[in-house]
Amino acid sequence: METSAARRIACIRLPASAEETFDAGARAALAGALLRAAPRVTPVRGHPRALWADAGGMERRGGDAAVARALLAAAREAGVHARVGVAGTCIAAAAATREPGTPFRVVSPGADAAYLRRRSLAVLPVSPQLRETLRLLGITTCGALAALTPADVELRFGKDGVAAWRLARADDPRWPFRPADPGTPSAEAELEPPVDSTEPLRFLVPGLIDAVCRQLAERQRIPAALRMVLTIDGVVRGEEVRDVRPARPTAEPRVLADLCRRVLENQPPNGPVAGVRIEAPEDGVARADQLDAFRTPAPDPGALHAALLPVFARWGEGALSTAAHHGAHLPGEHAAWDPLGSGGIAAFTHAQPPGSDVPADEGPELGRGYLDLCLRRLPEPAPVQVREGEGRRPAAVELQPLRTASLGAETGVVKGSFPPGLWKTRCEGPERISGAWWAAGNAREYWRVEAPDGWLGLLFRDAASGRWYLEGWYD
Amino acid sequence: MSTAAAHDLNKLKQELEKRFGSAVRPLHATEEQRPGFRTGVRALDQLLPAGVPRGALSLWTGEETSGRTAAVRALVEAATKQTLAALVDATRTLDPAAWCGPHGHSAPGLWVARPPTPAQVMEGAWVAEALLRTGAFGLVVLDGPAPDPTEAHRLRALARETDTALLVSTPDASPGWKADVRLEFRRGGQGAGLSTGGRYRRGAGVRLARGTGARTGERMVELVHRPHSLLNTAPWTADRRAAARR
């Protein structure tokens, strides 16, 4: 059950100029766009230029400010420059949209009453007569009204006065969304006025599907079936249900939206649609091998994202990295593993090779007879003992004393057969590299060294300190 | 395809899409139609004529400078031309420069996962398991310490279930470590491999210790290192070498 403390609501207010240009289709498109930023969106009754959005439980997405920015971006995407207010109550959220000079305002949790105290009475939905009476009495702010005793307010202004007094104290029990069944992920949107055609739903439904998929993704699940509940505002107000079941669980919004559209075309609603709710009554394991019989097989990015959320949570952005040349001086810097994070999943899934699952070389090709060695670099260069010979050449190297301490052999970072003891080395070099003069600066001499048994490593001597380090080895 | 057949196929497609959307899963090809991944390296392809097998766990072991990492790179390069591949660099020791292709970045179909700190090296097996579970990859490579036998058993079962080629590349693994295919790399040859200019050339042996349907015995391969004139090979960077003082 939702508690008022956990509730956060966003009010999206459109400019006055939008009223004339905003027909039902545009309103549905706006609601669909907003659903990408919040799971539930509904119009404010009696105010065609305002919508409510459920902003609760968004801490993991950056909190109230992030949601407000996302709502603003979504509205901009739909072609509207809106204002957004986020608060714990409807009245404070609506008042926050009227604050000049800022596109969004977030009222901190629990601070709604304090926030309203200094705001004008104009933010309260009271009759003009009551507002005028209060003005004549010198009561022009919510704080002044809230400071009155409730008995006096009821005696002088009646039931309407008490309602306004309560709102001025941020005592607003309104919650425009129906409580969600915690077991069934759902997203809904209301349409005001109701629409006769299913065309506006084509804009709305993808946003709802996206919201449902995101709720399921947090549990690493993807939809196995969707239920579309249409609120019909006909002679008798009622609900109609359309069930959609893809061939197997998928989080591919294109597929699910396509199925919903086809269901609506085959079974059109029996009256004007006043609202749509998408539920996922069945879900499945987030497997990404969603294949398409008629296109090149490619993984489902939504399912891949859902399945690998725990990996990104533990390994961060580096859980999906790509190698890229950067062109710096030092071997450790001229290329890097760039972390792409979960944002790179979509691009990755589109990189499916065209000849998928078809072997590239089926013939009896012999292949090449050599292997090009790769450098393996230690996470940090490790100091090693080197006996220098003529011209500061490394004549003998000892890695052994440092193996457990510096090379991380105990933790398994580097475990293998480094040449034991002090060994005479064959070496080639130096390659002198200096750079980063704008920062600490460095000057190094790199040497390739070979142990008698063929082990090939890369050492460098730091010119400033004269100390030797192991950069890595070739394998 | 005749016009009538094309018409029938189109009709079937429409019927299927009408009923199931476009998420129709094609039938799995049979084992024979889904061969393993060949490396393009003669010695390895001779030992594994059908390639690194799908639906199986392969183990490659070998000391440093035995060419094991180079062989993994050759395998990944070849596999990414056919499928999506994942590489778990659990030890964080793979040098990115070696994995950059001619365009300055790694293959777009290669997913590389690296832990944020070296201390998380033992989580590599867990990440490989998560990647296998997705079923999105044709090849998953775990480069790092060998997982314990229980984890290995789970990984092997997942590889079989998802028909993925799973490769564990590790410096060492106990002889009792179960794998469907086991290749052992070792340094070979006598005398100096390193020569003027930092060039390196030395023989190495690859032995098939275990494998069904594969050829036994050892093959020789030549390990080669051809350094560029600069360690920094990016062509757009100016040469600012200066004699190190002191």
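1. Ile12(A) has Val84(A) as its bridge partner in S4(A). This pair belongs to a predicted model. Strand S1 (residues 9-13) and strand S4 (residues 83-87) of chain A run antiparallel to each other and are joined over five bridges. Strands of a sheet pair through backbone hydrogen bonds, either parallel or antiparallel.

2. The sheet in chain A is open and has nine strands, in the order S5-S4-S1-S3-S2-S6-S9-S7-S8, with mixed pairing. Its edges are strand S5 (104-106) and strand S8 (237-244) of chain A, each of which pairs on one side only. On average, neighbouring strands of this sheet are turned by 20° against each other, if direction is ignored.

3. Helix H10 (residues 253-266) of chain A lies across strand S7 (221-233) and S8 of chain A, and runs at about 125° to S8(A).

4. Strand S6 of chain A also deserves a look at its backbone. Pro193(A) is found in this strand. The peptide bond that leads from Glu192(A) to Pro193(A) is cis, with omega near 0°.

5. Is Gly238(A) buried or exposed? This glycine lies in strand S8 of chain A. Gly238(A) counts as exposed because there are 12 other C-beta atoms within 10 Å, and a residue is called exposed at 12 or fewer. Gly238(A) and Val273(A) are 35 residues apart in sequence, while their C-alpha atoms are 9.9 Å apart in space.

6. Helix H9 of chain A covers residues 199-217, which makes 19 residues. From its first C-alpha to its last, H9(A) reaches 28 Å, close to the 27 Å expected at 1.5 Å a residue. H9(A) has a kink of about 25° at Val205(A), shortly before the proline Pro206(A). The helix is mostly covered, with 14 of its 19 residues buried.

7. Chain B has five helices and eight strands. Along the sequence they follow the pattern α-α-β-α-β-β-α-β-α-β-β-β-β. Chain B has 246 residues, of which 51% count as buried. Among contacts in chain B with a separation of 6 or more, 71% come from residues 24 or more positions apart.

8. Helix H4 (residues 124-134) of chain B is largely enclosed by the rest of the structure, because nine of its 11 residues are buried. Among the buried residues of H4(B) are Gly124(B), Val127(B), Glu129(B), Leu131(B), Leu132(B) and Thr134(B). After H4(B) comes Gly135(B), whose phi is positive, near 70°.

9. Which phi does Thr65(B) have, although it is not a glycine? The phi of Thr65(B) is positive, at about 55°. Thr65(B) sits in the loop between strand S1 (56-62) and helix H3 (68-79) of chain B. Thr65(B) is buried because 31 other C-beta atoms lie within 10 Å, and the cut-off for buried is 20 or more.

10. Arg92(B) is not a glycine either, and has a positive phi of about 60°. Its place is the loop between strand S2 (85-89) and strand S3 (110-113) of chain B. Arg92(B) has 20 C-beta neighbours inside 10 Å and therefore counts as buried.

11. How confident is the prediction? The model scores ipTM 0.82 and pTM 0.63. For chain B the mean pLDDT is 82, and 82% of the residues of chain B reach 70 or more. Confidence in chain B is lowest in helix H1 (residues 3-20), at a mean of 73, and highest in strand S4 (residues 139-143), at 96.

12. Two stretches of chain B call for care. Over residues 231-239 of chain B the pLDDT stays under 50, and the model has 14 contacts for them beyond four places in sequence. Residues 241-246 of chain B also have a pLDDT below 50, and this stretch has 17 contacts in the model beyond near neighbours in sequence. Where pLDDT is low, the predicted coordinates should not be read in detail.

Definitions and conventions
Residues numbered from 1 in each chain as written. Chains lettered and ligands numbered in written order. Predicted model: local features only at pLDDT ≥ 70, side-chain atom pairs only at ≥ 80, totals over all residues. Helix = DSSP H or I, 4+ residues; strand = E, 2+ residues; numbered from the N terminus. Expected span 1.5 Å × (residues − 1). Bend = angle between axes of the 7 residues up to and from the residue. Contact = placed C-beta atoms within 7 Å. pLDDT = per-residue confidence, 0-100. Pairing = 2+ DSSP bridges. Axes fitted to C-alpha atoms, helices over the stretch in contact; angles between N-to-C directions.
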